[in-house]
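Here's a quick briefing to read alongside the sequence and the model. Have both open before you go on.

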Amino acid sequence: MGRVVFLLVPQLHLLDLAGPAQVFSTAADFGYDYRLHYVAERPEVPTVQGVPLRAEVGWPELDRDDLLVVPGWRTSAHGPQGPVDPTGLRWLAGHHSAGGTVASVCAGAYALGRAGLLDGRRCTTHHDVQDDLARRFPAARVVRDVLYVVDDRVVTSAGIASGIDVALHLVATRHGPSAAARIARTLVVYARRNGDEQQASAMMRHRSHLSDAVHRAQDLIDARYPDRLPLADLAAAGGIAGRTLTRLFRQATGLTPLGYQQQLRVERAEHLIGHGATVEAAAHAVGFGDARMLRRLRARVRSTDAPVAVTRQAR
């Protein structure tokens, strides 16, 4: 994603726009290549909350790497057809057909439905309008009680604060879960993923807390998980004593710092093995002296179907 283009409509909800915009803006502050643009059919766009917004008029030329986002609006302010005109709908459909990604927040899903992008795809929207969306677009498969759904470059979210969640997911998909976790910590929100699927990475599973000291220690572990990391170094990164870090780490994640590091090692080793590496080579690549500890931890995961948690350093 180079550009993130928001399509603004009259009576949009500020948080539907501001949440994901803040995520991508913060990502840009951290050096990731995101440039935000706001377009509308008129230069000034009224919002539900009374703050008028300024926007560019006209549809820009998009590349397939660009993201197009439709924030939600107050559904009672518009008729069943919604506020996006046929030109805007063609723009949405054309961007997707050219290989681009299109996303919606809350009622923005109606625009994607009218553009034909929900037909045969899983999608979601705010719980207040899920039944209506399913009725108006019977070819869509509306998923309930989830934060967001991704289906073939069509991304829909439940609305309001879930726009933050879906933006964090898109950042994690492109730049890795540690980048999303860092942004979430800056925004003082939980780093989480979709409500109907297990969080696939330990970096995401164990970042849903607000302990700044633990996050700083995790930042160091994420960056150097193959290395031997003394507890004193991790505690220094968190600005606290070692015993305090261990206690806070357990409270926040259910693991010791070493247990968290071992989860990252095993997950990376599984990835390498899945791409053709031997167990021995994968073990060395992720920081184990030999394959014995890796085999032991992999067997433990398979036998218990539980997260890896260890209490001693592999030699």
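How many positive and negative side chains does the chain have, and how far apart do the centres of the two sets lie? There are 38 positive and 31 negative side chains, with the two centres 8 Å apart. For that tally, Lys and Arg are positive, Asp and Glu are negative, and His and the chain ends are left out. Each charge is placed at NZ of Lys, CZ of Arg, CG of Asp or CD of Glu.

Keep in mind that this is a predicted model, where local features need pLDDT of at least 70 and side-chain atom pairs count only at pLDDT 80 or more, while totals for chains, interfaces and linings use all residues. Residues are numbered from 1 along each chain as its sequence is written, and side-chain values use heavy atoms, with hydrogens and water left out.

**The chain overall**

- You're looking at 13 helices and eleven strands, taken as DSSP runs numbered from the N terminus (helices are H or I, at least four residues; strands are E, at least two).
- Along the principal axes, the C-alpha atoms fill a box of roughly 65 × 40 × 35 Å.
- Of the 315 residues, 52% count as buried (under 20% relative accessible area; exposed is over 50%, partly exposed in between, with a 1.4 Å probe and protein chains only).
- The accessible surface comes to about 14100 Å², and carbon and sulfur atoms hold 50% of that (Shrake-Rupley method, 1.4 Å probe; for residues, only the protein chains shown count as cover).
- Among contacts with a separation of 6 or more, 61% join residues 24 or more positions apart (contact means heavy atoms within 4.5 Å).

**Helix H11**

- Because 13 of its 18 residues are buried, H11 is largely enclosed by the rest of the structure.
- Gln-261 sits in H11 and counts as buried, at 2% relative accessibility.
- Setting aside neighbours within four places in sequence, Gln-261 contacts Ile-221, Arg-224, Tyr-225, Asp-227 and Leu-229.
- After the helix comes Gly-276, with a positive phi near 105 degrees.

**Cysteines**

- A search of the whole structure turns up zero disulfides (a pair of cysteine sulfur atoms within 2.5 Å).
- Cys-106 is in no disulfide, as its nearest cysteine sulfur, in Cys-123, is 13 Å away.
- That 13 Å is too far for a bond.
- Cys-106 is buried, at 8% relative accessible area, and Cys-123 is buried too, at 0% relative accessibility.
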